[in-house]
Amino acid sequence: MKIQAVYKQDGNGKPSGRVERFGPETAKRARRFHESFPEYQPTPLAALDELAKWAKVTSIHVKDESRRFGLNAFKVLGGSYAIGNCIAKKLRTDLAKMPFEKLTGADVREKLGSLTFATATDGNHGRGIAWTANRLGQKSVVYMPKGSAAERLANIRALGADASITELNYDDTVRLAKADSEKNGWVLVQDTAWPGYEEIPGYIMEGYTTMAAEALEQLGGTLPTHVFLQAGVGSMAAAVAAYFAAVGGEDRPVIVIVEPDQADCFYRTAAANDGKIHAVTGEMRSIMAGLCCGEPSPLAWEILRDCADCFISMPDAVAARGMRILGNPLGGDARIVSGESGAAAFGLAIEILTDPAHARLKEKLRLDEKSRILCFSTEGDTDRENYRRIVWGC
Ligand SMILES: Cc1ncc(COP(=O)(O)O)c(C=O)c1O
């Protein structure tokens, strides 16, 4: 399948000071917060040993985020951590002193009254915001881009959010959520940054480090040699890449960033290599709904520019194959139900490992029999109709 790759062109991949923010200390704090929720459990890390043998590498591990808080996606890690931090800040206290049972206490509502948290989302982030607001006895408003799946909207509404699908693409939906939040006094909890709006997306990225820290712990502390990460606005990829760069230092894993060719803003920005961000505008038609973001988060780009090794733009078929392989494992390997965005980076890793057409790319990425690969299946079947259509081929 046709994929396009651009390698990092400046620097040598040395972690910059920015990555330290998302290192083990932050991950410890974020995890302590997440652990305070009764629903918390580390998600499973599957060792796909038979697949690794078939693909001629040492190991392939996939973190199954479909099990996260019963929400079928990883995103709640960021949204909940940001909401917790917003509340702690309003109360002029440290989040470490505000675990779940305190955040849900009468005291918070007495002091702060009722808050409304707003966001724009393709589905997973909004579900995390709606869930957290609901668990904390607060309100949420969620805007979704044109074409969002009815099931994803229904799941968000079921958590009590005032949710609707707009006539706009993702980036314009974010602008609408921002404008309405300013007008109505809502707290905007957006998972992408822009000049003057960096604190909350920064917290969201910190929240994602829980997922990376769990994975490293489940690997027994042994760093993978390669981490494949899918990017929408890039907050997840940057947080996880920064975590591994902070832990690994000079020995950090090779980091590969994966995007749909319809929304490949990081790929375009890296390819242009002119110090400017290159956005994708207009309608973005990809099955990878969670990755259909045309504007990179500048916070994410600052990190990925320093510590990603390769940016890849790829067609839907690569993600679809990833979904089918994860859902139909070899031998005794675990079955993972992985959605369109969830399977993107895994699909790409398999594509490079197994298609001789990508031999040069494989070599440049130093992928060989010694490689220990880590991927994150960031969602399950969040749009079940589409999942079946893709996996059953109907
Ligand atoms: C399942 C899934 N994976 C990955 C991503 C990408 O995360 P980010 O937008 O932080 O790059 C998203 C974003 O919504 C998502 O829903």
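Against which elements do the buried residues of α12 pack? They pack against β1 (4-7), β9 (254-260), α13 (298-307) and β10 (310-314). Contact here requires C-beta atoms, placed from the backbone, within 7 Å. Helices (H or I, at least four residues) and strands (E, at least two) are DSSP runs, numbered from the N terminus.

The model is predicted: local features need pLDDT of at least 70, side-chain atom pairs count only at pLDDT 80 or more, and totals for chains, interfaces and linings use all residues. Residues are numbered from 1 along each chain as its sequence is written.

The protein chain holds 17 helices and 11 strands. Its C-alpha trace spans about 60 × 45 × 40 Å along the principal axes. Of the 394 residues, 56% count as buried. A residue is buried if 20 or more other C-beta atoms lie within 10 Å of its own, exposed if 12 or fewer, and partly exposed in between. Among contacts with a separation of 6 or more, 75% join residues 24 or more positions apart.

The domain assignment gives domain 1 (4-73 + 204-392) and domain 2 (76-200). Such bounds come from an automatic or database assignment. The domain centres, taken over C-alpha atoms, are separated by 24 Å. In the interface, 37 residues of domain 1 are in contact with 30 residues of domain 2. On the domain 1 side, the elements that give two or more residues are α2 (24-35), α10 (199-218), α13 and α17 (384-392). α10 gives the most to that side, with seven residues.

Two strands pair if DSSP finds at least two bridges between them. β2 pairs with β3 (residues 59-64) in the antiparallel sense over three bridges. Ala46 stands opposite Val62 in β3. Axes are lines fitted to C-alpha atoms, for helices over the stretch in contact, and angles run from 0 to 180 degrees between N-to-C directions.

Within this sheet, β8 and β9 pair in the parallel sense over five bridges. Phe228 stands opposite Val256 in β9. In strand β8 (residues 226-230), five of five residues are buried. Both faces are covered, with His226, Phe228 and Gln230 on one side and Val227 and Leu229 on the other.

The largest nonpolar core has 131 residues, of which Leu229, Val240, Ala241 and Ile257 touch the most other members. A nonpolar core is a set of buried Ala, Val, Leu, Ile, Met, Phe, Trp, Tyr and Cys residues joined through C-beta atoms within 7 Å. Helix α11 (residues 235-248) gives the most to this core, with 12 residues. Both domain 1 and domain 2 contribute residues, so the core lies between them. Beyond residues up to four places away in sequence, the contacts of Leu229 include Met236, Val240, Ile257 and Phe376.

Helix α12 (residues 265-272) is largely enclosed by the rest of the structure, because six of its eight residues are buried. Those six are Cys265, Phe266, Tyr267, Arg268, Thr269 and Ala270. Just after α12, Asn273 takes a positive phi of about 45°.

A second open sheet has four strands in the order β6-β5-β4-β7, with parallel pairing. β6 (162-165) and β7 (187-188) stand at the edges with a single partner strand each, so one side of each has no neighbour in the sheet. Five bridges join β4 (residues 116-120) to β5 (residues 139-144). Ala118 has Val141 as its bridge partner in β5. Helix α8 (residues 150-157) lies across β5 and β6, at about 165° to β6.

Leu188 lies in strand β7. Leu188 counts as buried because it has 20 C-beta neighbours inside 10 Å. Among the residues that Leu188 touches are Ala118, Thr119 and Ala177.

How values were computed
Contact = placed C-beta atoms within 7 Å.
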